[in-house]
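These are my notebook entries on a two-chain model.

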Amino acid sequence: MAKKVLTVDDSKTMRSIVKKQIMTLGYDALEAADGAEGLQVAAAEKPDLILLDVTMPVMDGRQALIKLRQQPETAKIPVIMVTAEAAKATVVEIIKAGVSDYIVKPFSEAALGEKINKVLKANSAAAEKIDVVVVDSNGNNFSIIQGALQAEHAVHLATTGEQALDKIMTHRPRLILIDIGMPDTIRLQVVDKLKTADLLPRCKLVALCNKNSIDEVGRASQKGFTGVLLKPFQGEEARTLINNILQTQTQFACRKGDIFVLHYPTKDEVVLFSVFRQLLQGWQQWLGHLAAGGHTKVVIDIAQAATIGIDDLRFFRELAGKASELGIGIVFVVGEPKSFELRHFWESGVARSTATLEEAKKFFQQ
Amino acid sequence: LQDLAEVSARRQGTEIGKPARDSWTSISETETTVSNEAISKLIVESSSLVFRTMLSEEIAVLKNGEPEKIHSCVLAMISLSGPGGGTLSLRCSRETARELAAKLLTTTPNEIKSDADVCDAIGEVANMTAGNLKTQLVAAMPNANLQLSIPTVVTGDDYKVQHLSHGGHVTVPVNVKNAPVVFEFVFNN
């Protein structure tokens, strides 16, 4: 039986465009003209996916999403939010509301099709229950994570290093969350075990860090974690971030040889913004950590960044200056500069910029 | 930081430290303003994106000002409420509106039976253009709290729209498929 996709939009034109694409992809298309009607259709038809417009009369997309999540029969239906605006605040609000993805109008048929397939595929995979191991001596964190993820994933707790290794071999997890406050030897044992069991390529590591500890976030950024979950957190926040990490290949910080690379989050990784900003806001401590760790070569990749404003560029310049004082070289990878500000940043030479990561590496080799 | 400020000011057509002439209300704590020239540019960028992505059409800005009066037209309006906001409108002839609607719906003009479908399509084009415009304005003025309204579409013959706002306005006439489409942004008071 074909999967059912419901489009909720007050514009008949948009419903027509979206329905056509849904049917082209081989799915059954359902439609509703506002949030209230969308709730009725969702409850009656139990679609596999809902495309929900944000701005609508009667009941808008935000209100409809809250109601969908409150009704047990529709609570777990994945939602792609459709919006005419991509302002950062709007996108962050949408992500936090607990949607699987969002798409900004105007969009091509191919982009819409890709989003629909991606979410439906991710949801099918979730139905198989991904195993997640939480390595944490604090039961409170585990309870919240388990509560948030249990509908989609099987969550297992390990309070010691020994238990962690046992859970890894038993469940072969796709994701491991490790409290950064636990001894570093546990992280090293976990990584070793993943390597020997040939699980490392498919398993992602996420650090649990205190929100107010720049030190912890800074350490996590240097230890090869794929992402960071900041404590204290709400269940929905954890669910969104973890699902995002499971779907993305990006590592927000990594080492390539002797070069430390930070990736500015792309528009698909908005949930990583808070982590990245926190890391950079505590840049003095962060640079101190790098210097103490012997890192003298840093690349900040902003080529795929969702948004770079004048404030960011001002900050980057300040960061580069301070790093230089500490003997740390920073190169910014800006790709093909898209915005006026970025072009100016590139051309002005206020900080070293290259088009690609390879060029940045070559610069350090010189 | 002076050169970054200069870049920002140049982009906005202003001098550093001085509000833009004919610009809209100062919004952010840093006295960011957007000039008429800048808003015209943003409208062209936003509408180009919409026409290119959704209709596979390129727009050409009419350099010699507004085209001759459009006697029988479709007009779609959408407001960006909030300090520093305004109203974006799009108007074109009924024939052009029908052609654009057909293109959007990947059909032929004759197959669109209802005028309501034409209005809905033109309203959606205005909505997407305004959405993109809002995104760019908020990026330029982080403190601007602009809210998009639901589009209103009007059709009629030989009517005149009179703006009660004293905030000034910007008109951006463009050609799409050799037919004029006029965007207008009326600043709030």
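I took a salt bridge to be a side-chain nitrogen of Lys or Arg within 4 Å of a carboxyl oxygen of Asp or Glu. The model is predicted, and I kept local features at pLDDT of at least 70 and side-chain atom pairs at pLDDT 80 or more, while totals for chains, interfaces and linings use all residues.

**Entry 1: the interface**

I asked how many salt bridges the rule finds across the interface of chain B and chain A. The search returned three. In one pair, the side chain of B:Asp117 meets that of A:Lys12 at 3.0 Å, N to O. I also searched for polar contacts, meaning N or O atoms within 3.5 Å of each other; within protein, one must be able to donate a hydrogen and the other to accept it, and residues adjacent in sequence count only if both atoms are side-chain atoms. Across this interface I found 11 residue pairs in polar contact, with both residues at pLDDT 80 or more.

I then listed which elements of chain B supply the side that touches chain A: α1 (2-11), α2 (36-55) and α4 each supply at least two residues. Helix α4(B) gives the most, with 11 residues. I sorted the residues of this side into 13 nonpolar, eight polar and six charged. For this sorting Ala, Val, Leu, Ile, Met, Phe, Trp, Tyr, Cys and Pro are nonpolar, Asp, Glu, Lys and Arg are charged, and the others, Gly among them, are polar. Helices (H or I, at least four residues) and strands (E, at least two) are DSSP runs numbered from the N terminus.

With contact set at heavy atoms within 4.5 Å, I recorded 27 residues of chain B in contact with 28 residues of chain A. The buried area is about 2500 Å², with 63% from carbon and sulfur atoms; this is the accessible area (1.4 Å probe) that two parts lose on being put together, summed over both.

**Entry 2: salt bridges**

I counted 22 salt bridges over all chains. In B:Glu124 and A:Lys105, the closest N and O atoms are 2.8 Å apart. B:Glu124 lies in helix α4 (residues 115-140) of chain B and A:Lys105 in the loop between β5 (101-104) and α5 (109-127) of chain A, so the pair joins two chains. B:Glu124 is buried at 3%, and A:Lys105 is buried at 0%.

B:Arg98 is partly exposed at 22%, as is B:Asp115 at 48%. I also traced one network, in which salt bridges that share partners join B:Glu57, B:Glu99, B:Lys103 and B:Lys177.

**Entry 3: cysteines**

B:Cys73 is buried at 6% relative accessibility. I recorded A:Cys203 as buried at 6% too.

Methods
Residues are numbered from 1 along each chain as its sequence is written. Chains are lettered from A and ligands numbered from 1 in the order in which they are written. Side-chain values use heavy atoms; hydrogens and water are left out. Buried means under 20% relative accessible area, exposed over 50%, partly exposed in between (1.4 Å probe, protein chains only).
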